[in-house]
Amino acid sequence: MKKSKKLKRRILKKRRKCFSAAELKVAVASSTGRRHQAEGKPCQDAVLGFVGNKSASIVLADGAGSASHSRLGAQIVVNTLTRVLKENFKRIVNSKEEKARKKIMIPLARSLAAATIRHQAALKDFACTLLFVATDGKRLLIGQLGDGRIGIRNAETGDWRLMLDAFKGEFFNETVFVTSKKATELLQLAIGPVNSIDACVIMSDGAEEGLYQRASHTFAPAVSRMLEWVQTYDQPTVETALKNNLKDTVRLKTTDDVSVAYLSFTTKTE
Amino acid sequence: MADDLKLRLDELTDNPTARVPVCIALDTSGSMHGQKIDELNAAVSTFFRAIREDEMASISAEIAVVTFGNGVTKILDFAGIERQRVPALTAGGLTPMGQAVEMSLDMLEQAKRVYSDLGVDYFQPWLVLMTDGEATDDVTTAVQRCKSMVKNRKLTVFPIAIGKHANLSKLGQFTPRLKPIRIEAIDLKKFFSWLSKSVNAVSLSNPGDTQSAGLGEAAFNKMAVDWDTAFKS
């Protein structure tokens, strides 16, 4: 007897891991780099985590050092994108890639354009990079524009895998920004089922110096240690611990600002 | 903070420091004899000392020196600065600038290949070209290579004319983006002091600090504007 379509769908759904919003945890932290601290300047990274009824997200933006309003630009980008991901996650992940990029970038462009008028500044003055992960418990949406790193962890093996690729020019201090002319084209996206992933991490290029080894393409043991905290402790405790460790330890590997954000799934099959 | 919420340093990883490759091509032809070569020797020594004394620059800067006078000589290849000893420069011969520039470009390309093979990041290379006269060999190929690399933002050339007999327009052919500046031999130390500070600044810069690879150009243009008031003796 042929299995009915309904039965087939039920079996597939059982096999896929699904998470309710209650099982998702996020934690984010930043620390001002030693160079900015010595110059009396604030951190130019912005990072935001969100868990709602239907989705969760982590978003990180790293302001360009040469841009006069990049700190504000980074804040605008993380706030705007968090709202967009909360309101439009389904529409974005159901779109073709080109349309999905526009659904993400157009609201950012509008928010930044409004800021240029408010602050009488040019768009390039708000330049920042962008990394994010969002989920509705069934699907993951991952995006990157510019440098920094995104990792996903396999629940069964505990191994971290690099997602997407940091955009860098030939030279160390070259990257692409949200305000760059070809930003929409260069935004990298990955959309897929959650399946056996149990955690995601995003980190700024400053944090990368101590948390990701470029030669071997591996994440440092510290990345798993910090994930354990996310999975074990409440958000305020974890975020304090992340911030302290970024300041006391991770920052020693770079003069740049350092930021990390985690999104963790508590594994449970429905 | 509880110990279980504290990272250890050995739980972090290391990445090699991004390199700043700088090739200095120096005119040591016969006309540099006397005060000019003495000032040049003193200035180059000061430059290397300044780089060594800076914590960040000493691990990221890689300096090579090519001289052109009695032939073209690679007197220092790229290496960690702590291992380099600068030999005394002597003046003599003609001015084979074209060959020297080509050798410098080849050395910079080779350095980049080594960095790439080892997974080491690097900043845009710099070529510092200093002469007190003009080339006595054919510079066509050297000029074309420089121009192409400069236009594609793969290289910054700093053109320095030493003394009043240096041909500025011929020197300027090597870079469409920066005008040569004329300095007196007595000011060579000041120039190299500026150069060491600029190398330090690049070694400290982070991705995103410049929206293009123009950090060196911006600094040179500013220096050129300020030269008469701030640097000249």
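Biologist: How many residues of chain A are in contact with chain B?
Modeller: 42 residues of chain A touch 32 residues of chain B, with contact meaning heavy atoms within 4.5 Å. This is a predicted model, where local features need pLDDT of at least 70, side-chain atom pairs count only at pLDDT 80 or more, and totals for chains, interfaces and linings use all residues. Residues are numbered from 1 along each chain as its sequence is written, chains are lettered from A and ligands numbered from 1 in the order written, and side-chain values use heavy atoms, leaving out hydrogens and water.

Biologist: And how much area do chain A and chain B bury between them?
Modeller: About 3,500 Å², 52% of it on carbon and sulfur atoms; that's accessible area (1.4 Å probe) lost on putting the two parts together, summed over both. On the chain A side, A:Phe171, A:Phe172 and A:Asn173 lose the most, together 22% of what that side buries.

Biologist: How many salt bridges cross the interface?
Modeller: The rule finds 5 between chain A and chain B, taking a Lys or Arg side-chain nitrogen within 4 Å of an Asp or Glu carboxyl oxygen. Over all chains the structure holds 26.

Biologist: What does A:Glu170 pair with?
Modeller: One partner is B:Lys154, at 3.0 Å from N to O. A:Glu170 lies in the loop between strand E7 (160–163) and helix H5 (183–186) of chain A, and B:Lys154 in the loop between helix H4 (140–151) and strand E5 (156–162) of chain B, so this pair joins two chains. Helices (H or I, at least four residues) and strands (E, at least two) are DSSP runs, numbered from the N terminus. B:Lys112 also forms a salt bridge with A:Glu170, its closest N and O atoms 3.1 Å apart.

Biologist: Switching topic: how much space lies in the largest pocket?
Modeller: About 530 Å³, as the space filled by probe spheres set on grid points joined across faces, edges and corners. A pocket here is an open set of points on a 1 Å grid over the protein atoms alone, where a 1.4 Å probe fits, with protein on both sides within 12 Å along at least five of seven lines; lining residues have an atom within 4 Å of a point.

Biologist: Which residues are closest to its centre?
Modeller: Of the 26 lining residues, A:Lys253, A:Thr254, A:Thr255, B:Thr17 and B:Met56.
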